[in-house]
Amino acid sequence: MWLLYAAGSAFFAGLTSILAKCGIRKTDSTVATAVRTIVILIFSWLIVGIVGSGSQITSISSRTLVFLILSGAATGASWLCYFKALQLGDINKVVPIDKSSTVLTILLALILLQEGVSLPKAIAVAAIAAGILLMIEKKDVEKKSNGHASWMLYAIGSAFFASLTAILGKIGISDVESNLGTAIRTIVVLVMAWVMVFAAKKNGEVLRIDRKELIFICLSGVATGASWLCYYRALQEGPASVVAPIDKLSVIVTVIFSYFVFGEKLSKKALAGLGLLTAGTVAMAVL
């Protein structure tokens, strides 16, 4: 059963990107992120209720709380960049760059946490990096140089902050149950997202969100919550070394849905890149 839950996690994570893309065609991405975070917050605390870890709140140390807050801030920055990139660029280009956070996380872990990387894992990381490069078309780079591909900068920012989230989370999660830590980080993300909305004076746009897009935004939040529920259930019953990589294969789900929903097709070169990205991710689990 845990394999089904892990597959469900990947499915809903991939579906999140598609639903979010549908919800930010007219709606500002920052406003959409703030709204969907409300839904995610409900789901994250629902998870806490299911596992019964809420009682640990009073025993969290100051150091742990600081790193959880920093991790939440990094998560918020990553989400803001990610959904802005989705609004401006193709999903098939944005998602692979965002998934490159795996590579950045390993590099940051090596530098900041002094964790060693074996040769087989280094090869797997190189395969992931090569796959990402293959999925970025030459024309996308040319657009960037002409100032028309700011989505790429936002996607890179999303990957960077996502990797920073993992490092900060690793430091701060040692003294707190992971689901509770996730719920606390989500509160920080919610506050950060709404601060950005008010700072940019976009709070008035909340009431003007198209009803259809609002539904998609809320559904993307539900999909994220469902992904988390499946992910933690899979972790509870199965080996984390297998569950985590399966979850990261959500990029395949995103590519398939983007083809049928938005008509975004991958070239042969990009398909080869997707194959390398997938192989590298799977290898990271078994090496």
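**Entry 1: ground rules**

Contact, in these notes, means heavy atoms within 4.5 Å. I am working on a predicted model, where local features need pLDDT of at least 70, side-chain atom pairs count only at pLDDT 80 or more, and totals for chains, interfaces and linings use all residues. Residues are numbered from 1 along each chain as its sequence is written, and side-chain values use heavy atoms, with hydrogens and water left out.

**Entry 2: aspartate 28**

I started with the contacts of aspartate 28. Leaving aside neighbours within four places in sequence, I found Gln87, Lys202 and Glu205 in contact with aspartate 28. Where does aspartate 28 sit? I located aspartate 28 in the loop between α1 (2–23) and α2 (29–51). Helices are DSSP runs of H or I with at least four residues, strands are runs of E with at least two, and both are numbered from the N terminus.

Is aspartate 28 buried or exposed? Aspartate 28 counts as buried, because its relative accessibility is 13%. The cut-offs I use are under 20% relative accessible area for buried, over 50% for exposed, and partly exposed in between (1.4 Å probe, protein chains only).

I then looked up a side-chain partner. The side chain of aspartate 28 makes a polar contact with the side chain of lysine 202, at 2.8 Å. A polar contact is a pair of N or O atoms within 3.5 Å; within protein, one must be able to donate a hydrogen and the other to accept it, and residues adjacent in sequence count only if both atoms are side-chain atoms.

**Entry 3: lysine 201**

Next I checked lysine 201. Lysine 201 is in the loop between α9 and α10 (211–237). I noted a positive phi of about 55° there, although lysine 201 is not a glycine. Lysine 201 has a relative accessible area of 73%, so I list this residue as exposed.

**Entry 4: the whole chain**

I stepped back to the overall make-up. How many helices and strands does the protein have? I counted 13 helices and 0 strands. Buried residues make up 50% of the 287 residues. I also looked at contacts between residues at least 6 apart in sequence: 89% of them join residues at least 24 apart.

**Entry 5: helix pairs**

Two packed helices are described by the angle between their axes and the distance between the axes. My axes are lines fitted to C-alpha atoms, for helices over the stretch in contact, and angles run from 0 to 180 degrees between N-to-C directions.

I took α2 and α9 (residues 178–199) to begin with. Their axes come within 9 Å and cross at roughly 160°. That makes α2 roughly antiparallel to α9. Angles under 35 degrees count as roughly parallel, over 145 as roughly antiparallel, 65 to 115 as roughly perpendicular and the rest as oblique. The crossing of α2 past α9 is left-handed. A crossing is left-handed if the near helix is turned anticlockwise from the far one by less than a right angle, and right-handed if clockwise.

Then I took α2 and α3. These two pack at an angle of about 125°, with axes 9 Å apart. They are therefore oblique to each other. Their crossing is right-handed. On the α2 side I listed contact residues including Ser29, Thr33 and Ile40, and on the α3 side residues including Trp79, Phe83 and Gln87.

α3 passes α9 in a right-handed crossing. Among the contact residues I noted Leu65, Gly72 and Trp79 of α3, and Gly181, Val189 and Met196 of α9.

Tryptophan 79 lies in α3 (residues 62–88). I list tryptophan 79 as buried, because its relative accessible area is 14%. Alanine 159 is 80 residues away along the chain, with a C-alpha separation of 9.6 Å from tryptophan 79.

Leucine 41 is in α2. With a relative accessible area of 18%, leucine 41 is buried. Beyond four places in sequence, leucine 41 touches Ala183, Thr186, Ile187 and Leu190.

**Entry 6: cysteines**

Finally I looked for disulfides, meaning pairs of cysteine sulfur atoms within 2.5 Å. The count is 0. I checked accessibility too: cysteine 81 is buried at 15%, and cysteine 230 is buried at 14%.
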